[in-house]
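Please read them with the coordinates open.

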Amino acid sequence: MRRTTAVLSIAALVGLGLVGCAPAGTAAADCDRVADSDPETMSLVGVSGDLASAPQLDVRTPFVAENDAYADIEHGDGMAITHLDQPGVLDISLFDGETGSKLLGTAYDGDLSSFSAFSGWTQQFPAFEDALMCATEGSRIAVAISQDGIAEEARAYYEQAGLPAEGSLVAVIDVRKVLPRAASGQVQFNAGLGLPSVVRTPDGVPGIIVPDADPPKDVVVQTLIKGDGPALGADEAPVVHYTGVTWAEREVFDSTWQAQEGMPASPVAIPQDEVVPGFAKALEGQTVGSQVMVVIPPDQGYGEEGRTGIPANSTLVFVIDILGTVSADTVAAQ
């Protein structure tokens, strides 16, 4: 948890850019993907350009898609999207089917620190659902979008940015980063007498049960799930989902698992020097994929000051899922 109130950002298409037990959704072995869902339609769409930059489109106009379709232009070798509630980072360009001209697109600036659930995109662009399922990190995908392939509300909203009121579109999606939905790895045994216990939904969302006991006076860290990823480096900002409760009130005061403004929940990238000392201690030596519980006494949390939803001198309990990492410098620059 940051020393200041955490602000959770959900990627959304605005103006001329996109702002930026172990659960399933972490492996590609059982993911069955068709590389070209409609060869006849997608043969009319050509895409070129370096994967690190915005694509160029070569399409026979006027292009009309009777149904949504997609084709893999490049196949990446990273993690697969096995559930649309997984978080990640996409670069997207939208083109007008009538003229072939570019309408909207991301900055293509290499920023991998702003994550959102892929289902946030498919709510707006239903055509993306089949195109994204089982796609892998590092892939480039061309998508033919029919009239019904974009939600009416989204089409109306983006009309102010030049999106036509009707007609087909072509999208090019670059899958920059894919993360698991939740911690995954080996469940660890912990002696938990007098300490909170953690339960998890089938999707990996944790719940915290605080015992009817006095809290410990020192920081207590327990690794609940041991991930098999690399250990966190000092110059890295972990990408985490977390839930925090106060020991005395037993109430959630902050959680990245909670959806914001109707959009799916998203993890956050937090530099290790921007969290309270007890939270930072919980991250020391941890590996990517792990889930950690930490009990933080007041002097390692917010002390006598407190925060909104956190009374003064509160003992805090956090459950932290470490999903990945980004450069701390990238996050600090935002």
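Notes on the predicted model

1. The largest nonpolar core holds 30 residues, and Phe128, Val143 and Ile145 have the most contacts inside it. A nonpolar core here is a set of buried Ala, Val, Leu, Ile, Met, Phe, Trp, Tyr and Cys residues joined through side-chain atoms within 4.5 Å. At least two residues of this core come from each of strand 6 (87-96), strand 7 (102-105), helix 2, helix 3 (128-132), strand 9 (140-145), helix 4 (152-158) and strand 10 (169-178). Strand 10 gives the largest share, five residues. Apart from this core lies another, of 23 residues, including Val275, Val276, Phe279 and Tyr302.

2. On conventions: this is a predicted model, in which local features need pLDDT of at least 70 and side-chain atom pairs count only at pLDDT 80 or more, while totals for chains, interfaces and linings use all residues. Residues are numbered from 1 along each chain as its sequence is written, and side-chain values use heavy atoms, with hydrogens and water left out.

3. The protein chain has six helices and 19 strands, taken as DSSP runs (helices H or I, at least four residues; strands E, at least two) numbered from the N terminus. Of its 334 residues, 52% are buried; buried means under 20% relative accessible area, exposed over 50% and partly exposed in between, with a 1.4 Å probe and protein chains only.

4. Ile145 is in contact (heavy atoms within 4.5 Å) with residues including Leu94, Phe125, Phe128, Ile150 and Leu169, leaving aside its neighbours within four places in sequence.

5. Arg33 lies in the loop between strand 2 (17-18) and helix 1 (39-42). Is Arg33 buried or exposed? Arg33 has a relative accessible area of 18% and is therefore buried. Its side chain makes a polar contact of 2.7 Å with that of Asp72; the term means a pair of N or O atoms within 3.5 Å, where within protein one must be able to donate a hydrogen and the other to accept it, and residues adjacent in sequence count only if both atoms are side-chain atoms. A polar atom of the Arg33 side chain also lies 2.7 Å from the backbone oxygen of Met133.

6. Gln124, in helix 2 (residues 118-124), is buried because its relative accessible area is 14%. A polar atom of the Gln124 side chain lies 3.3 Å from the backbone oxygen of Gly120.

7. Glu284, in the loop between helix 5 (277-283) and strand 18 (291-296), is exposed because its relative accessible area is 56%.
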